[in-house]
Amino acid sequence: MSSPHELLLYTTLGCSLCEKAKLEIWPLLEQFGLRLREVDIADDDNLFERFSLLIPVVGLGDPEDTYAWPFQQSQLQAWLAKRIG
């Protein structure tokens, strides 16, 4: 489980879409007081099964509450604002 100050990015090696997602994520980290923690789904069978076709996926620690690509910065900002305030 993550701390409330972490934004999890479910990713894996060679995920080019994940690099694009980071460009949308980075500007929001300071705004919401978050740090980014990348989670490689290849290291966990359950995460791989759940997210392999969806990555990049972001979350705040609740596996039932995640946000999958594609998203723009404004969309991710609204998603975070509902959860963090």
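Tutor: Here is a walk through the sheet, then the helices, the cores, the disulfide and a few single residues.

Before we start, keep in mind that this is a predicted model, where local features need pLDDT of at least 70, side-chain atom pairs count only at pLDDT 80 or more, and totals for chains, interfaces and linings use all residues. Residues are numbered from 1 along each chain as its sequence is written, and side-chain values use heavy atoms, with hydrogens and water left out.

The protein chain averages 93, and 95% of the residues score at least 70.

A quick word on names: helices (H or I, at least four residues) and strands (E, at least two) are DSSP runs, numbered from the N terminus. Two strands pair if DSSP finds at least two bridges between them. The sheet here is open, with four strands in the order β2-β1-β3-β4 and mixed pairing. At its edges stand β2 (35–40) and β4 (66–68); each has a single partner strand, so one side of each is left without a neighbour in the sheet. From one strand to the next, the twist averages 25°. If you zoom in on β1 (residues 6–11), you'll find that this strand pairs with β2 in the parallel sense over six bridges. Leucine 8 stands opposite arginine 37 in β2.

Next, the helices lying across the sheet. For the angles, axes are lines fitted to C-alpha atoms, for helices over the stretch in contact, and angles run from 0 to 180 degrees between N-to-C directions; contact means heavy atoms within 4.5 Å. Helix α1 (residues 16–32) lies across β1, β2 and β3 (57–59), and runs at about 175° to β1. Helix α3 (residues 73–84) lies across β1, β3 and β4, at about 170° to β4.

What about the nonpolar cores? Buried means under 20% relative accessible area, exposed over 50%, and partly exposed in between (1.4 Å probe, protein chains only). A nonpolar core is a set of buried Ala, Val, Leu, Ile, Met, Phe, Trp, Tyr and Cys residues joined through side-chain atoms within 4.5 Å. The largest one has 15 residues, and Leu7, Ile25, Leu34, Val58, Leu76 and Leu80 touch the most other members. β1, α1 and α3 are the elements that give two or more residues to this core, and α1 gives the most, with five. There is also a second, separate core of ten residues, including Tyr10, Cys15, Val39 and Ile41. In soluble globular proteins, nonpolar side chains tend to be buried together.

Leaving aside neighbours within four places in sequence, valine 58 is in contact with Leu7, Leu8, Leu9, Ile25, Thr66, Tyr67, Phe71, Leu76 and Trp79.

Over in helix α1, have a look at lysine 22. Lysine 22 is buried, with a relative accessible area of 11%. Apart from neighbours within four places in sequence, lysine 22 is in contact with Leu9, Leu36 and Glu38.

Then there's the disulfide, which is a pair of cysteine sulfur atoms within 2.5 Å. A search of the whole structure finds one, joining cysteine 15 to cysteine 18 with 2.2 Å from S to S. The link is right-handed, with 80° about the S-S bond. Cysteine 15 is buried at 13% relative accessible area, and cysteine 18 is buried at 0%.

Last stop: the prolines. A cis peptide bond joins isoleucine 55 and proline 56, with omega about 5°, and proline 56 sits in the loop between α2 and β3. Another cis peptide bond joins tryptophan 69 and proline 70, with omega about 10°. Proline 70 is in the loop between β4 and α3 and is exposed, with a relative accessible area of 64%. Proline 70 and lysine 20 are 50 residues apart in sequence, yet 9.6 Å apart in space, C-alpha to C-alpha.

Technical notes. pLDDT is the predictor's confidence in each residue, from 0 to 100.
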